[in-house]
Amino acid sequence: MGKIFKNDVSVLFNNNPISEDFHLYECGYEECKPTKPYEFVPIDYWVIHYCIAGEGIFQIEDKQNHIKAGDIFMIPPYTKNKYYPLPENPWSYHWIGLRGKQIHKLLSMCGLSPETYIIHNELDTHLKNLFEKIYQEFQRERYFKSISTTFLLFDYLGNHLRLKQKAELSTTEVYFNAILNYIHKNYADNISISDIATANNIDRTYVFKLFQKYLKISPSQYLQQYRLSKACTLLRKTSLSITDISYTVGFQYAPYFTKLFTQYIGETPSEYRKEYMRFGEDSFS
């Protein structure tokens, strides 16, 4: 378990929440001994466990899951659950308990939700160190430090999730994301569909097929809409002339920009700017 942990089990509590949105209520660790399965009484807060050694069984919503070192498993509030170590290779784990209005949202961003209770992974030393540091700072009653480390934990889990999702993307999704990134970086230039295709080493026809598959519009329509959304931002937040804005967002002919803007937005660029300046509201979504 490491030199900083003197006993086989320890749990710490903080009953003084700093915020209603987020409260690090509990943290602990346990080096488990073989035990018989037993069911835990549902609690009123979220608990996240990180298995750092051995194996165990985690049962939730009547589904049994095999947990090994490196896996994270989460128990939502008011949820029946049962978990116990495997007798031949009992597990050890760290855990944190969380309360607050924003916990559900934060955990969902990390890949944990009432629909996804488990993140399977290899043992990660950095992740283990984050759980240990949360405990250490909590024990020293440095609650701000323990909370900030908890958010570092969330950030690390969120990045891991994004990398995993990226690895699972299909070939077409990879191409389409690359196309969108190219447009977002180069929309201000006089780019064409052929330029987009060449930059991504694919056929022009394939670009059209991808946009139909994922957005049901043509690449030209997407490029126009993206440029117009950027134009709306410049009209609201800068004093650039309408002509300068048209060039800045990639239109080569200002009257065409005004015509297209009016067609999509329902008012001229001048009218849009005056309306925003009068009411101070963002009328484009």
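A pocket is here an open set of grid points with protein on both sides within 12 Å along at least five of seven lines, and its lining residues have an atom within 4 Å of a point. In this predicted model, the largest pocket is lined by 22 residues, and those nearest its centre are Glu30, Phe40, His49, Tyr83 and Tyr93. The space in the largest pocket amounts to about 380 Å³. Its lining comprises 16 nonpolar, three polar and three charged residues. At least two lining residues come from each of strand 1, strand 2, strand 4, strand 8 (81–85) and strand 9. The greatest contribution to this lining is that of strand 8, with four residues.

Strand 7 (residues 72–75) and strand 10 run antiparallel and are joined by two bridges. Within this pairing, Phe73 has Ile118 of strand 10 as its bridge partner.

A further open sheet consists of four strands in the order 3-8-5-6, again with antiparallel pairing. Strand 3 (39–40) and strand 6 (63–68) are the edge strands, each pairing on one side only. Between strand 5 (residues 55–60) and strand 8, the antiparallel pairing extends over five bridges. Gly56 lies opposite Pro85 of strand 8.

One cavity of 30 Å³ or more was found, and the largest cavity holds about 50 Å³ of space. The lining of the largest cavity is made up of Gly70, Ile72, Ile119, Asn121, Asp124, Leu127, Tyr156, Leu157 and His160. By class, five of these residues are nonpolar, three are polar and one is charged. Helix 3 (residues 143–167) gives the most to this lining, supplying three residues.

Helix 4 (residues 171–186) packs against helix 6 (residues 204–214) at an angle of about 100°, and their axes lie 10 Å apart. Because angles of 65 to 115 degrees count as roughly perpendicular, helix 4 is assigned as roughly perpendicular to helix 6. In this contact, Thr172, Glu173, Tyr175, Phe176, Ile179, Leu180 and Ile183 of helix 4 meet Tyr206, Val207, Leu210, Phe211, Lys213 and Tyr214 of helix 6. The contact of helix 4 with helix 6 has 10 nonpolar, one polar and two charged residues.

For helix 7 (residues 219–237) and helix 9 (residues 254–265), the axes come within 11 Å and cross at roughly 95°. Helix 7 and helix 9 are therefore also roughly perpendicular to each other. The residues of helix 7 in this contact are Gln221, Gln224, Gln225, Leu228, Ala231, Cys232 and Leu235, which meet Tyr256, Phe257, Leu260, Phe261, Tyr264 and Ile265 of helix 9. The contact of helix 7 with helix 9 has 10 nonpolar residues, three polar residues and no charged residues.

Definitions and conventions: Residues numbered from 1 in each chain as written. Predicted model: local features only at pLDDT ≥ 70, side-chain atom pairs only at ≥ 80, totals over all residues. Heavy atoms only, no water. Pairing = 2+ DSSP bridges. 1 Å grid on protein atoms, 1.4 Å probe; cavity = no way out; pocket = protein on both sides within 12 Å on 5 of 7 lines; lining within 4 Å. Points joined across faces, edges and corners; volume = space filled by probe spheres on them. Nonpolar A, V, L, I, M, F, W, Y, C, P; charged D, E, K, R; others polar. Axes fitted to C-alpha atoms, helices over the stretch in contact; angles between N-to-C directions. Parallel < 35°, antiparallel > 145°, perpendicular 65-115°, else oblique. Contact = heavy atoms within 4.5 Å.
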